[in-house]
Amino acid sequence: MATARSEELRALAQRVADTFPPEVIEVVLTGSVSRGMADEVSDIEILCVTERPLSLEEAFELAARAGLEERESWGDPSTPTRRVFGYLDGQPVETIWWSRELAEELFHSGGSAEALANGVALRTSGLLERWQERLAEYPDELAAERIEQAAEPWGGFAPAGLLTIARPDCSLARAEWLVEAAQRVLAIVFALNRVPLPTSKRLSLRVEPLAVKPERLAERIDAALAEPDPRTALLLMTQLQLDTVRLAPSGPNVDRARAWLAAGLEVLRG
């Protein structure tokens, strides 16, 4: 059931969408509002698709027509994506503008899969429905490919190499390793469940409905990242990585990762 905050922000998003001219052929509500999970710090995220590419000035003009105040832009202006931020009735609104051609290109690349899979059409020409139908197809071959890709870095150097980032003066390298390891764990878990990989915001809510996952997945990631002792933090994350690849189907990278992570645990315990 959607939160009251989600309903409130969705109504504001619909007001924005209703102001756009016909050349805006698809308006998709994304983020926590589309999933019914919005709280008091959530903002409104809207994807807008037009028949032709827009200039940043045109995107600003459409945002102004929608009533957005204090408008700003962010991101790399040299890309074809246009981004305009503003406030409507005091609520933050992010609009992202793609042409139809760019939307199809980005859809095929997979970078927008999770946002589109959970998107809600505020205006549609049928694009979102077609995208969501295609995203619902998650063949075993694709899952195996993504799992193997995520497992690839676990191995290829001596397990004792983990001790090099347990040194007191390697806090940044250690943090990078822990975060990347957690992201790869999540890539495997979501592939196992045939679900597009989401962002890491509000992780416990995102992993809760998954049928196949290590026990206490989100809690263990939080514990490893918050652990002040370097060796213990690496041990916690390595154990989680091993538990994850043990759930995965056999493959060259997965099989190597199982052996390497088990050896790494022994090193860290020693």
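The following legends describe close-up views of a predicted model.

**View 1. The largest nonpolar core.** The largest nonpolar core of the model comprises 40 residues. Within this core, the residues with the most contacts are W154, W177, I188, V207, L217 and V245. Two or more residues each are given to the core by α7, α8, α9 (203-207), α10, α11 and α12. Helix α8 gives the most, with 11 residues.

**View 2. The surroundings of V245.** Leaving aside residues up to four places away in sequence, V245 touches W154, I188, V254, A257, R258 and L261.

View 3. Helix α11 runs over residues 230-245 and has 16 residues. At 1.5 Å a residue the helix should span 22 Å, and its end C-alpha atoms are 23 Å apart, which agrees. Its buried residues include P230, A233, L234, M237 and V245. The buried residues of α11 pack against α8 (171-192), α10 (217-226) and α12 (252-269).

**View 4. E141 in helix α7.** E141 lies in helix α7, which covers residues 140-151. With a relative accessible area of 61%, E141 is exposed, because this value is over 50%. The C-alpha atoms of E141 and L186 are separated by 18 Å, and the two residues are 45 residues apart along the chain.

**View 5. Two cysteines.** C48 is buried, with a relative accessible area of 0%. C170 has a relative accessible area of 16% and is also buried, because this value is under 20%. A search of the whole structure finds zero disulfides.

Notes:
Residues are numbered from 1 along each chain as its sequence is written. This is a predicted model: local features need pLDDT of at least 70, side-chain atom pairs count only at pLDDT 80 or more; totals for chains, interfaces and linings use all residues. Side-chain values use heavy atoms; hydrogens and water are left out. A disulfide is a pair of cysteine sulfur atoms within 2.5 Å. Buried means under 20% relative accessible area, exposed over 50%, partly exposed in between (1.4 Å probe, protein chains only). Helices (H or I, at least four residues) and strands (E, at least two) are DSSP runs, numbered from the N terminus. The expected span of a helix is 1.5 Å times one less than its number of residues. Contact means heavy atoms within 4.5 Å. A nonpolar core is a set of buried Ala, Val, Leu, Ile, Met, Phe, Trp, Tyr and Cys residues joined through side-chain atoms within 4.5 Å.
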